[in-house]
Amino acid sequence: MPRSRPLASVVCLLALLLLAPGIAEAQTAAAADRPRPQATAFPRSGPVALDGRLDEAAWAAATPVGEFTQQRPNEGAAPTERTEVRFLYDEEAIYIGARMYDSHGAAGVTSRLTRRDEFPNSDLLRVDFDPYHGRLHSVEFDVNPAGWRGDATDFDRSWDPVWDAATLVDSLGWTAEIRIPFGQLRFSRDSVQTWGLNLTRVIHRNQERDQWASWRENEPGGPAYFGDLTGLRIHRRPQQAEILPYVVGRAERLSSGNPRSPFYDPNRSRLSVGADLKYLLTSSFTLDATVNPDFGQVEVDPAVVNLSAFESYFAERRPFFVERSDVFRFGNPGCNMNCGLGISLFYSRRLGRTPQGSGLARAAGEYADIPQTTAILGAAKLTGRTRTGYNVGIVNAITRREVAEVQTVDGTRLFQTVEPLTNSFVGRVRREMKGGNLSVGGILTALNRGMDDPGLTRVLPSAAQTGGLDTEIFWGKRTYRFQAAVSGSRVAGDSLAILRLQRSSARYFQRPDRTISSDGPFSAALDPSSDALSGYGAIARLEKQGGNWIWDMNASMMSPGFETNDLGFLTSVDSRWLNGTFGRQFTRPTRHYRSLFLMGGGEQQWNYDGDLTGRGLSFFARTQLRNYWTATAYLSRRFVTLSDRLTRGGPVVGQPGNNFGFFSVSSDPRRRVLLNANLNASAEDDDAHQESLGLSATLRLASNARITFGPGYSRSLSTAQYVVAVNDPTATDFFGRRYVFANVQQRQLYMTTRANVTFTPALSLDLFAQPLLASADYHDFKEFSAPREQTKLVYGRDRGTITTTTATDGTRRYAVDPDGAGPLHASHARAQGDVDHVELRPGVGPEGVGQDRQRRGGLLAHVPEHVHVAGLAHHPHGGPADLDDFRVGEQVHCGDVVGHQALTEDWLEDAPEKWMAFRRADPEAAS
């Protein structure tokens with residue numbers, strides 16, 4: 001397949017990015033700003049009892065606002081019900097008093113109680129403040145008639161400020177009283193304040209949404225459209241300190257294991273304690289600290305079976321890292337369809353992850369007791385905003401040196417360091433100007449490890465730094481937006497540690513057909529003697545996000561040496577990517593639908609050699625029907641391209657085209673029973689396929705109790721699952737290596753159940769369970785016919801022979817003769833029955849690989865042919881787990897992983913790989 005030349009396309013896109021702002025300005029014709037509604041906060045003149053009754057004299061002295069506009073379902077119309085909202089304040093807090101009239105009285109009010117921040121599907125009052133009056137950021141407070149509360153900062157619902165609310169349903173409708181301490185908000189130090197403000201009321205029975213400062217459904221909305229809250233005079237700076245302790249208990253009940261292991265305990269339990277602390281330094285800056293945060297503080301991760309070469313991404317849930325995480329966001333502008341991860345320089349789950357030297361402990365002896373996570377000794381975070389518009393965020397964390405206890409074959413006990421003492425730093429600054437329509441910023445991350453163990457020195461870098469600059473520009477009443485970010489990285493350490501990064505699944509510098517050796521000032525060549533790796537990344541997005549017609553254009557590039565995985569998240573580099581979409585949104589109801597959204601787009605990707613590695617077209621549609629049912633559909637076609645990843649360090653091979661479709665439907669959310677179904681299916685040109693079906697039902701058992709449950713099933717057949725690569729001088733087309741693949745048929749069956757009972761707005765009981773059964777069957781071992789070709793030759797059918805024998809212990813062994821020149825022996829160990837202690841990967845690291853080869857007499861590794869996994873939930877590790885670490889619900893990972901999230905064996909040219917290996921029967925060939 002000929003190589004594509006992306007230069008012309010990149011030049012065209014850059015030119016378009018430069019010209020588009022001017023074109024857009026001409027299209028918008030500088031539309032005049034709408035008049036902003038005004039509200040006034042009055043000093044509290046008397047006591048206010050927070051009971052939901054607006055009967056105090058202080059409320060009567062405040063002038064209400066009530067000029068709302070309907071946004072849904074009849075955009076621009078007057079509301080069907082009247083709403084009045086008043087504002088009071090004193091030296092400590094701001095008060096909101098609201099009366100939501102309803103012509104049906106109490107019978108017209110829908111009231112449901114759920115856990116905090118979980119949308120209750122009921123009537124609702126939402127109050128949005130922009131305390132800095134910068135037209136860019138906001139904080140949100142929600143209440144409903146049952147007293148439910150929700151809050152968010154810039155749509156981040158992990159923010160949990162301390163505030164009070166009381167509601168009451170009566171013959172006129174319902175009322176709400178809210179008290180928000182100034183200590184929970186961040187605002188300027190000026191004694192006279194003007195805040196941005198918006199109010200939203202939801203009337204559930206007719207799915208109506210009314211706004212005080214309104215915008216059309218096809219406009220971007222947000223703080224730029226808010227009205228003004230005046231009259232605030234805050235003379236005293238708020239002071240506040242909070243402490244949030246936690247206790248997490250864990251229990252492991254293993255039905256099987258290796259009783260000969262001195263560390264085997266079928267009934268293991270553990271108790272974790274820690275605390276998060278918060279101190280308000282000024283009205284604008286907050287200092288947070290944490291001691292021993294735990295991945296299971298809030299909610300565990302779902303179970304995952306991962307057979308790819310890349311690690312799985314899990315969202316952060318620990319409160320310390322989640323709160324104000326938006327301050328540290330960088331290089332992720334997103335896109336309308338088919339978005340990548342962008343430039344991720346700070347992925348907080350790197351702090352406290354699974355020890356990265358676990359393989360060294362396994363290689364050091366027959367049995368090992370390895371810590372599951374790395375303890376965070378302490379972390380501190382400073383966030384806030386200066387008078388001149390600088391948003392500042394700083395995080396520093398120290399993680400403990402972790403040690404595994406190992407027992408050797410002769411019974412000797414020893415200790416192996418599996419994670420060094422590490423200091424991690426992240427600093428972020430961003431300045432907002434021109435009323436929030438222009439912002440520029442920068443970020444710096446630095447990680448330093450105490451490398452006092454020679455084994456870890458050879459596999460982990462001693463230091464890593466990244467830095468970046470970004471900008472965001474809005475115009476045309478925020479209808480148009482341009483975002484761009486550029487970043488550089490440098491990782492330094494022992495040459496073997498750098499070599500492992502060069503050979504990792506993120507870049508595969510060892511690929512024998514690579515033509516690029518330099519990238520400007522950065523090296524892009526495999527260099528075993530190098531003690532550093534450097535690179536850059538850049539991303540840009542231009543979009544029209546408002547109006548009936550919307551579109552976006554995106555471009556990114558990641559140089560071969562770009563590496564951020566010490567503190568960020570990065571799966572693949574060595575790429576240039578273009579993406580564009582065009583869509584139409586219909587927001588006015590018709591006799592066929594209430595709303596309709598249509599979008600189409602395409603993308604293309606190349607590596608730095610100029611190989612076309614991705615090309616596709618996509619179409620998306622979503623509609624809400626007149627009966628409030630919602631349907632979503634997505635279709636895509638991926639065209640024939642090349643893959644520089646399939647052989648995991650080998651030559652580029654062909655990648656077949658793919659058709660994919662997704663469809664989902666959900667029923668009327670106003671009903672007591674909510675149903676949802678989703679189906680997706682894909683089919684590749686070479687007969688690989690994947691199908692999955694998910695069903696769920698939500699039953700609202702009472703106004704404060706509900707249960708969601710439903711099964712899911714998926715099956716797939718991959719025709720190009722990587723197995724192993726071994727030296728073979730007869731494989732001349734593939735540079736003296738033979739790359740073995742297989743068909744893998746996977747099946748997963750799970751049942752998800754979530755139950756919630758909310759006793760009060762501050763007390764709820766939640767249950768989450770997800771039993772999972774998964775299997776993977778390998779068959780039809782094969783290899784590609786030639787580089788850059790899609791055709792694969794199956795052993796025993798299209799090329800050579802393969803024979804199978806089964807030993808008395810159930811181990812299955814293969815003998816393969818791929819070229820007819822004499823038997824090659826391939827060994828594969830299959831585990832029968834329990835999977836808990838099957839070794840997916842042998843001991844790794846320099847010593848681990850050598851010992852494996854000596855002990856097993858050649859290139860040999862083990863994995864079950866039929867993998868069966870049963871679990872409840874993924875234990876929140878920072879990265880993938882080997883199967884011999886597998887406990888109920890953990891992630892099962894059968895591939896090498898990017899960066900150094902876990903130590904893998906493919907970093908040496910002749911390292912053992914996965915579960916099939918070849919060696920010549922002839923002694924000379926074997927050597």
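Visitor: Which are the buried residues of α6?
Guide: Ala-497, Ile-498, Leu-499, Arg-500, Leu-501 and Gln-502. Buried means under 20% relative accessible area, exposed over 50%, and partly exposed in between (1.4 Å probe, protein chains only). This is a predicted model, where local features need pLDDT of at least 70 and side-chain atom pairs count only at pLDDT 80 or more, while totals for chains, interfaces and linings use all residues. Residues are numbered from 1 along each chain as its sequence is written, and side-chain values use heavy atoms, with hydrogens and water left out.

Visitor: How many residues of α6 are buried?
Guide: Six of the eight, so helix α6 (residues 495–502) is mostly covered. Helices (H or I, at least four residues) and strands (E, at least two) are DSSP runs, numbered from the N terminus.

Visitor: What covers them?
Guide: The cover includes α5 (454–457), β26 (480–492) and β29 (532–544). Contact means heavy atoms within 4.5 Å.

Visitor: And what sits at the start of α6?
Guide: A side-chain oxygen of Asp-494 comes to within 2.9 Å of the backbone nitrogen of Leu-496.

Visitor: Switching to strands. What joins β15 to β16?
Guide: A hairpin, through four residues. Strand β15 (residues 267–280) and strand β16 (residues 285–291) run antiparallel and are joined by six bridges. Two strands pair if DSSP finds at least two bridges between them.

Visitor: Which residue stands opposite Asp-288?
Guide: Lys-278 does; Asp-288 is in β16.

Visitor: In what sense do β16 and β19 pair?
Guide: Antiparallel, over six bridges, with β19 covering residues 376–385. Thr-290 has Ala-379 in β19 as its bridge partner.

Visitor: Which residues form the nonpolar patch on the surface?
Guide: Ile-243, Leu-277 and Val-291, with about 260 Å² of accessible area together. Like charges are joined within 9 Å, and nonpolar side chains (Val, Leu, Ile, Met, Phe, Trp, Tyr) within 5 Å. Accessible areas come from the Shrake-Rupley method with a 1.4 Å probe; for residues, only the protein chains shown count as cover.

Visitor: Is Ile-243 buried or exposed?
Guide: Exposed, because its relative accessible area is 59%. Ile-243 is found in strand β14 (residues 241–253).

Visitor: How many helices and strands in the chain?
Guide: Eight helices and 49 strands. Of the 927 residues in the chain, 55% are buried. The chain exposes about 37100 Å², with carbon and sulfur atoms supplying 56% of it.

Terms used: Patches are made of residues with over 30% relative accessible area and no salt bridge: like charges are joined within 9 Å, nonpolar side chains (Val, Leu, Ile, Met, Phe, Trp, Tyr) within 5 Å. A salt bridge is a side-chain nitrogen of Lys or Arg within 4 Å of a carboxyl oxygen of Asp or Glu. A polar contact is a pair of N or O atoms within 3.5 Å; within protein, one must be able to donate a hydrogen and the other to accept it, and residues adjacent in sequence count only if both atoms are side-chain atoms.
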